[in-house]
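Subject: Structure handover

Hello,

Please find the structure below. My notes on what was found in it follow.

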Amino acid sequence: MQKKRILITGSNGLLGQKLVDLLANNEHYEIFATAKGENRLGISEGYRYMQMDVTDAGEVDDVLNQVKPQVIIHTAAMTNVDQCEMEKDACWKLNVTAVEILIAACKKHDIFLEHVSTDFIFDGTSGPYSEEDEPNPISFYGWSKYAAEKAVMHSGIRWAIARTVLVYGIAHDMSRSNIILWVKKSLEEGKAIKVVTDQFRTPTLAEDLAMGCFLIADQGAQGIYHISGKDFLTPYEMAIMTADYFALDKSLISPTDASSFSQPAPRPPRTGFDLKKSRNILGYEPRTFREGIALLAKQIGS
């Protein structure tokens, strides 16, 4: 039986790592992990690693000529919202130009492109959002991701867009923190922390997002899909749940609002996703936030 070839961009990132973990050694798939620079994945078998800079059209074409994948799952992006606001050219190059390069390559080689996007394409006035809701970004990051979505939608290729929200998880090299690790570490060190109560999200476990992306690729499901966690929470609620799980001192956590932080980029106050379409069509079913904390606790322990 011919194995389906899936190429993953940004394989050194959190989602990229989880996708390779999920799909490596799968008898139905041949997995090609690509990123700029050296391979930083935690596993060494069951996939092939190739260096590929998604902003370099020549390099993309070379790799795709060799691999001839049926599917590309495009996870590479500049996702630091404040950095995008301050370094607009770099943000546009990685979040938009790279997508245009991949679209051209997918046209040439007849490849299904699955593009990963974000809740930050919405203004956050009326979340949770469904796939039919109208985007209206309020940050440069949001605009770059929306521009990329439009390029994909109008490309004439076979495509899917997997939008997600506040992804958390543990990369094997532990280079990234997240709200759970930050709260746990701060409280263990006896540090008082302020956490906002006026932003609402459906935080997404990286393993769940990887599964959602896989379901889209596996089914060749075209169109837009919202892939996130199921619990609609404020960061303050996430912090309290983390403290409860690890039996840490909640009195160190004080509620505040977003106006007390000065950040270069505005944040949409109320996003989060309605998951009906992904549940019904893909069979996607995420874990609860508490189950997500438990998985991270297990990963830290091991």
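A residue is called buried when its relative accessible area is under 20%, exposed when over 50%, and partly exposed in between (1.4 Å probe, protein chains only). This is a predicted model, so local features need pLDDT of at least 70 and side-chain atom pairs count only at pLDDT 80 or more, while totals for chains, interfaces and linings use all residues. Residues are numbered from 1 along each chain as its sequence is written, and side-chain values use heavy atoms, with hydrogens and water left out.

First, T234. This residue sits in the loop between β10 (223-226) and α8, and its relative accessibility of 5% makes it buried. Contact here means heavy atoms within 4.5 Å. Apart from neighbours within four places in sequence, T234 is in contact with V196, T197, Q199 and F200. T202 lies 32 residues from T234 in sequence, and their C-alpha atoms are 8.6 Å apart.

Next, the chain as a whole. The protein chain has 10 helices and 11 strands; these are DSSP runs, numbered from the N terminus (helices: H or I, at least four residues; strands: E, at least two). Its radius of gyration is 19 Å, close to the 19 Å that the globule rule gives for 302 residues, so the chain is as compact as a globular protein of that length. That radius is taken over C-alpha atoms, and the rule is 2.2 Å times the number of residues to the power 0.38. Of the 302 residues, 55% are buried. When contacts between residues at least 6 apart in sequence are considered, 77% join residues at least 24 apart.

Helix α6 (residues 179-188) is mostly covered, with seven of its 10 residues buried. Those seven are I179, I180, L181, V183, K184, S186 and L187. Their cover includes β7 (167-168), β8 (193-196), α8 (235-245), β11 (253-256) and α10 (289-301).

Last, the cysteines. How many disulfides does the structure hold? There are zero, where a disulfide is a pair of cysteine sulfur atoms within 2.5 Å. C84 is buried, at 0% relative accessibility, and C91 is buried with a relative accessible area of 0%.

Regards
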